[in-house]
Amino acid sequence: MSIPFIDLPAQRRRLGARIDQAIARVLDHGAYILGPEVTKLEEQLAAFAETRFAVTCANGTDALQLVLMAEGIGPGDAVFVPAFTFVATGEVVPLVGATPVFVDVLPDTFNMDPASLEAAIGEAERQGLKPRMVIPVDLFGQPADYPAIQKVADRHGLTVLADSAQGFGGRLNGKSAASLAKYTSTSFFPAKPLGCYGDGGAIFTDDEAVVELLKSIRMHGQGRDRYENVRIGLNSRLDTIQAAILLEKLDIFPDEIEARDRIAQRYNDLLKDVAEVPVVMEGARSVWAQYTILVDDRAKVAEACKANGVPTAIYYPIPLNQQGGYNMFPVAPGGVKVAESLSRRVISLPMHPYLDEATQDRIVAVVRGAL
Ligand SMILES: *Cc1c(COP(=O)(O)O)cnc(C)c1O
């Protein structure tokens, strides 16, 4: 019997007829674009995130781009992004004409290193760029060190946009991680901790003025009505059907986060003597988008898993600064050695809230056998 990497059918069985009924209600009322479920979801997401506002959009990449557009980021501006992340974090920066500057990450949490950020700001200035924004990432579900990053950002007048595509639901020092930066973005791609049945995304903020701006930009830059266009925008709305699905899934999300945490702790206990297991910062709660260990002989572990029906994944095999589309952009002084080392040593194991102990034991036995 092969083991799924993420078991979405198990979640679907748990939700029973709820999703089908939610979709049927949308088909009945027919407001497919910005229907009542979208408004309701935005209210419930904001309450969950402990922010004043949530603005939904078409996907997590657009969520990042909408914020850069709302902040007027463009040519000559530097935006600081970790070198060790999914490509979308870096991709949106040249899309608005600005320059991404790659920052190294910390060896224990894999999240942005505040000291490397400080050095990268100096480098951007030397290259004649204007430091404007920083996009820390909540990699694999764990919040970045927002208090430390905010200090560096405040010293240099940077706006913080948290890329929490993997970290929605995470917490830091008793607060929702989505409430810590001026902007937090997330993704509802099916494999994310809170996923829909297609593409989706959202932005969280407490700033009422930018909410109107974000809503205008996601609707072709609309003004007072649909046919007045006061700025350049995108077509980036969350479908009503996806909102209806997310309302049902949000209801069980806190319980799923608990399950993920229990499963991750169990992996830690069973693997910590043979591999470097994930480290969660003091005061942080991860939502475990991935369970990722560090090993020296990754190929051996991957092969043993494959031979025994255990799926694994490498997030991410090439840091952004080494990607063909990105290797011309500046890098923090001293390089991004941690990102480069992690990309050679990481391997992610099956992780989802419905992973039972017997299946987890099978996975652990294969990994232990290889090591
Ligand atoms: C998934 C992801 C995104 C992009 O989300 P999409 O909804 O797929 O556009 C952005 N940043 C990170 C870190 C991600 O993991």
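Q: How do α3 and helix α9 pack, and how far apart are their axes?
A: α3 and helix α9 (residues 240-271) pack at an angle of about 25°. Their axes are 8 Å apart. This is a predicted model, by the way.

Q: Roughly parallel or oblique, then?
A: Angles under 35 degrees count as roughly parallel. α3 and α9 are therefore roughly parallel to each other.

Q: And is that crossing left-handed or right-handed?
A: α3 and α9 cross in a left-handed way.

Q: Which residues of α3 and α9 meet?
A: From α3 there are E37, V38, K40, L41, Q44, L45 and F48. From α9 they meet T240, A243, A244, L246, L247, L250, F253, P254 and I257.

Q: How many of those are nonpolar, polar or charged?
A: The contact of α3 with α9 has 12 nonpolar residues, two polar and two charged.

Q: What is phi for L34?
A: Phi of L34 is near 50°. That is a positive value in a residue other than glycine.

Q: Switching topic. How do α4 and α8 pack?
A: Helix α4 (residues 60-70) and helix α8 (residues 208-217) pack at an angle of about 120°. Their axes are 10 Å apart. α4 passes α8 in a right-handed crossing.

Q: Which residues make that contact?
A: On the α4 side, L66, V67, M69 and A70. On the α8 side, L213, L214 and I217. By class, the contact of α4 with α8 has seven nonpolar residues, no polar and no charged.

Q: OK, the ligand. How many residues surround it, and which are the closest?
A: 14 residues surround the ligand. The closest are G60, T61, D163, S187 and K192.

Q: What does G60 do there, backbone or side chain?
A: Backbone. A polar backbone atom of G60 is 2.7 Å from an oxygen atom of the ligand. G60 also belongs to α4, which covers residues 60-70.

Q: One more helix pair. How do α10 and α12 pack?
A: Helix α10 (residues 298-307) and helix α12 (residues 357-370) pack at an angle of about 140°. Their axes are 9 Å apart.

Q: Why are α10 and α12 called oblique?
A: Only angles over 145 count as roughly antiparallel. At about 140°, α10 and α12 are therefore oblique to each other. α10 passes α12 in a right-handed crossing.

Q: Which residues of α10 and α12 meet?
A: K300, V301, A304 and C305 in α10 meet V366, V367 and A370 in α12. The contact of α10 with α12 has six nonpolar residues, no polar and one charged.

Q: What kind of peptide bond joins Y315 and Y316?
A: A cis peptide bond. Omega is about 5° for the bond between Y315 and Y316.

Conventions:
Residues numbered from 1 in each chain as written. Predicted model: local features only at pLDDT ≥ 70, side-chain atom pairs only at ≥ 80, totals over all residues. Heavy atoms only, no water. Axes fitted to C-alpha atoms, helices over the stretch in contact; angles between N-to-C directions. Helix = DSSP H or I, 4+ residues; strand = E, 2+ residues; numbered from the N terminus. Parallel < 35°, antiparallel > 145°, perpendicular 65-115°, else oblique. Left-handed = near helix turned anticlockwise from the far one by under 90°. Contact = heavy atoms within 4.5 Å. Nonpolar A, V, L, I, M, F, W, Y, C, P; charged D, E, K, R; others polar. Near = heavy atom within 4 Å. Polar contact = N/O pair within 3.5 Å; in protein donor to acceptor, adjacent residues only side chain to side chain.
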